[in-house]
Amino acid sequence: MEQWGEDSGGNQEKGETDTNREPPVIRLRPRMLRDVSVMDTKTTVLGEEISCPIAIAPTAFHCLAWSDGEMSTARAAEALKLLYVASTYATCSVEEISQAAPEGLRWFQLYVYRERKLSERLIRRVEALGFKALVLTVDVPYTGKRRTDIRNNFQLPPHLKVKNFEGVFEGHSGPDNYGVPLNTLDPSVSWKDICWLRSVTNLPIVIKGILTKEDAELAVVYGVQGIIVSNHGGRQLDGELATIDALSEIVEVVQGRIEVYLDGGIRTGSDVLKAIALGAKCVFLGRPIVWGLTYKGEEGVKGILQILTDEFRLSMALSGCRNISEVNRNLIHVAKL
């Protein structure tokens with residue numbers, strides 16, 4: 001599912017663009033002599049303060065990268081006062097994640113299942129644990145053709161489980177899909193299920209996987225509190241929009257009525273700056289977090305987050321921006337090749 005990609009970021013990975021049409025190049029227009037001796041990178045997401053507009057996207061199976069997996073990831077986010085979105089497909093349970101980082105800001109990523117009670121039971125658990133929002137992934141009515149996973153015959157190792165479903169599928173002997181029985185997800189999910197979700201929780205709802213202004217407008221109409229512009233790390237539909245290319249039309253149609261975030265392709269502090277200048281409230285990181293986790297667990301994730309935070313602060317200063325409110329569309333020049 002979100003195995004180091006859903007919610008992990010990709011913009012179809014750099015270089016994977018239509019060979020017949022080069023995308024526009026996004027450049028920065030820095031301002032000078034602005035007195036950037038005092039800098040402030042703080043912002044808010046759904047009313048909660050974070051130290052920088054950088055957050056951790058939901059990605060699955062962190063115990064493949066480090067022994068205590070998502071617990072290390074949560075501790076790193078807590079230490080840097082950043083948001084962490086825990087995946088349904090975590091190899092640590094939501095209870096273990098909460099216990100590992102009790103003061104951290106946490107959202108929970110959710111799917112709609114054929115058996116709605118599966119989703120509802122997860123919602124009740126995260127409500128009780130103090131998670132602050134639900135992130136509904138909407139771009140997986142079916143799992144995309146993930147050729148690398150097919151080539152590698154990927155299976156979750158026997159010693160690891162999708163801990164949030166521990167005991168739920170006992171006795172199941174058929175084929176599975178990333179650690180849960182095949183066909184558990186509901187391909188009939190539609191906008192009416194947003195109404196169902198709002199009827200079973202008071203938590204804010206953020207929709208992840210939106211790439212068009214039409215769907216962004218529907219998200220507003222159906223009463224969600226946020227949109228994550230995401231292409232599932234480029235792992236669902238070949239040839240779809242890079243998220244940075246989709247961002248502007250979504251920001252334009254939303255007109256500040258709900259918050260808009262960007263997931264995918266963020267690798268440097270200037271990438272963060274460009275996304276914020278184009279209207280994203282915050283960016284989400286997937287693959288880089290797993291790289292840091294693989295390198296050195298909690299300390300590796302902290303290192304990745306610190307590198308990007310420092311680069312973002314420097315990019316702001318060199319562009320003449322002293323705080324987030326000064327980062328806006330005037331900073332951007334879009335050049336066509």
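There are 17 salt bridges to find in this structure, which is a predicted model. Let's walk through a few of them.

Start by selecting Asp-186 and Arg-116. Their side chains form a salt bridge, with 2.8 Å between the closest N and O atoms. Now colour by secondary structure: Asp-186 sits in the loop between β9 (180–181) and α5 (192–200), while Arg-116 belongs to helix α3 (residues 116–128), so this pair ties together parts that are 70 residues apart in sequence.

Buried or exposed? Glu-127 is partly exposed, at 30% relative accessibility, and Arg-124 is also partly exposed, at 36%.

Next, select Asp-149 and Arg-235, whose side chains meet in a salt bridge with an N to O distance of 3.5 Å. Here distant parts of the chain are linked: Asp-149 is in helix α4 (residues 147–151), and Arg-235 is in the loop between β11 (226–229) and α7 (243–254), 86 residues away. Both Asp-149 and Arg-235 are buried.

For the last stop, show Asp-68, Arg-75, Glu-298, Glu-299 and Lys-302 together. Salt bridges with shared partners join these five residues into one network.

Definitions and conventions. Residues numbered from 1 in each chain as written. Predicted model: local features only at pLDDT ≥ 70, side-chain atom pairs only at ≥ 80, totals over all residues. Heavy atoms only, no water. Salt bridge = Lys/Arg side-chain N within 4 Å of Asp/Glu carboxyl O. Helix = DSSP H or I, 4+ residues; strand = E, 2+ residues; numbered from the N terminus. Buried < 20%, exposed > 50% of the residue type's maximum accessible area, 1.4 Å probe, protein only.
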